[in-house]
Amino acid sequence: MASIGQIVEKTPGPEVLARARQRASLVPDCMVEAKRIANTVIAGWHGRRKRGIGENFWQFRPYAEGESLSRIDWRRSARDDHTYVRDREWEAAHTIWLWADLSPSMMFKSSLSPVSKESRALVLMLALAEILARSGERIGCPGIMEPVSARNAAERLAAALMHAPMTGGLPETNMIKGASDIVLIGDFLDDAASVMERISPLARRGLRGHVVEIADPAEETFPYSGRTEFSDPETGEKLVSGRAETIKQDYTRAYFARRDALGSALRRMGWNFVFHRTDHLASEALVTMHMYLSGSPAGAVGGGRT
């Protein structure tokens, strides 16, 4: 997204074709990293399983008066003095839409971080797709890939991303029908009110939302002093400060106020907000998103100040 006071060190201004080629070369490595990270948390993932119509065994439970006798499991009931019913697992897959901001501001990488914001966003999105696909969920990406329920959904999403157009702002969501979850990953550096103006209609349509804000450590700590040139990768505008350290206090005050306002507004709306810094482990944010998507109590946030 377009940044407010975005700090950029040697951020290139590539043409659209060169930008697309750069992302295409990045995706395969992100897919490998996503699988590695997914495997570190997959043991604790139990999907969103529940009782319902299906073929797979779910649980035994006591027979309730009025239920069909055909549902009684006589073999299990013969073990003691109680009558038990065999429940099956609900097999209808849920649809979860995953989206990552791939606009120029996400290319930022300072000397304090091992990866760019774009790289981390792609890894998190693909790792989520990998875990959700193993749980039998339908995975889609607005404007890039229709929902699919397949073990190779993450690979299919990675292939679609390699040929996807550049994106900015928030995705087009008219194709999303019915109640679904949507995970939005980006830097969200626009004014909080502007971001909420675009997100609020999604909540009114019944979408359950999860927002992951990705930040470079330099954006949070402002480690600059002396004569420094700042450039906005979205507009190309530049700002030269003779003594950068003199604006640090005002910058950090505005930066954290924006994040706090966005997080508070999302939570009031019933959505989840996760903050993640690129110098922290990607698995931290992934575990937090796992908790939210599996229905665990809210309260955990990934890496850094919220």
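The model is predicted, so local features need pLDDT of at least 70 and side-chain atom pairs count only at pLDDT 80 or more, while totals for chains, interfaces and linings use all residues. Residues are numbered from 1 along each chain as its sequence is written, and side-chain values use heavy atoms, with hydrogens and water left out.

**The sheet**

- Six strands form an open sheet with mixed pairing, in the order β5-β4-β3-β6-β7-β10.
- The edges are β5 (145-148) and β10 (272-277), each of which pairs on one side only.
- Neighbouring strands of this sheet are turned by 15° against each other on average, direction ignored.
- Helices (H or I, at least four residues) and strands (E, at least two) are DSSP runs, numbered from the N terminus.
- Two strands pair if DSSP finds at least two bridges between them.
- Axes are lines fitted to C-alpha atoms, for helices over the stretch in contact, and angles run from 0 to 180 degrees between N-to-C directions.

**Pairs of strands**

- Strands β6 (residues 181-186) and β7 (residues 208-215) run parallel and are joined by 6 bridges.
- Val183 has His210 in β7 as its bridge partner.
- Strands β4 and β5 are antiparallel, with 2 bridges between them.
- Ile139 stands opposite Val148 in β5.
- The hairpin formed by β4 and β5 has 3 residues between the strands, and Gly143 in the turn has a positive phi of about 75°.
- In a regular strand the side chains alternate between the two faces of the sheet.

**The nonpolar cores**

- A nonpolar core is a set of buried Ala, Val, Leu, Ile, Met, Phe, Trp, Tyr and Cys residues joined through side-chain atoms within 4.5 Å.
- Buried means under 20% relative accessible area, exposed over 50%, and partly exposed in between (1.4 Å probe, protein chains only).
- The largest nonpolar core has 45 residues, and those with the most contacts inside it are Leu98, Leu157, Val183 and Ile185.
- Helix α3 (residues 117-134) gives the largest share of this core, 12 residues.
- A second, separate core has 31 residues, among them Ile176, Leu189, Ala192 and Phe275.
- Leu157 touches Leu98, Met125, Leu126, Ala129, Cys141 and Met145, not counting residues up to four places away in sequence; contact means heavy atoms within 4.5 Å.
- In soluble globular proteins, nonpolar side chains tend to be buried together.

**Cysteines**

- A search of the whole structure finds 0 disulfides, a disulfide being a pair of cysteine sulfur atoms within 2.5 Å.
- Cys30 counts as buried because its relative accessibility is 2%.
- Cys141 is also buried, because its relative accessible area is 1%.

**Two loop residues**

- Thr246 lies in the loop between β9 (238-241) and α7 (248-268).
- With a relative accessible area of 48%, Thr246 is partly exposed.
- The side chain of Thr246 reaches the backbone oxygen of Arg243 at 2.6 Å.
- Thr246 and Gly226 are 20 residues apart along the chain, and their C-alpha atoms are separated by 9.1 Å.
- Ser116 is in the loop between β3 and α3.
- Ser116 counts as buried because its relative accessibility is 12%.
- A polar atom of the Ser116 side chain lies 3.0 Å from the backbone nitrogen of Ser119.
- Leaving aside neighbours within four places in sequence, Ser116 is in contact with Met106, Met107, Phe108, Lys109 and Thr278.

Conventions
Polar contact = N/O pair within 3.5 Å; in protein donor to acceptor, adjacent residues only side chain to side chain.
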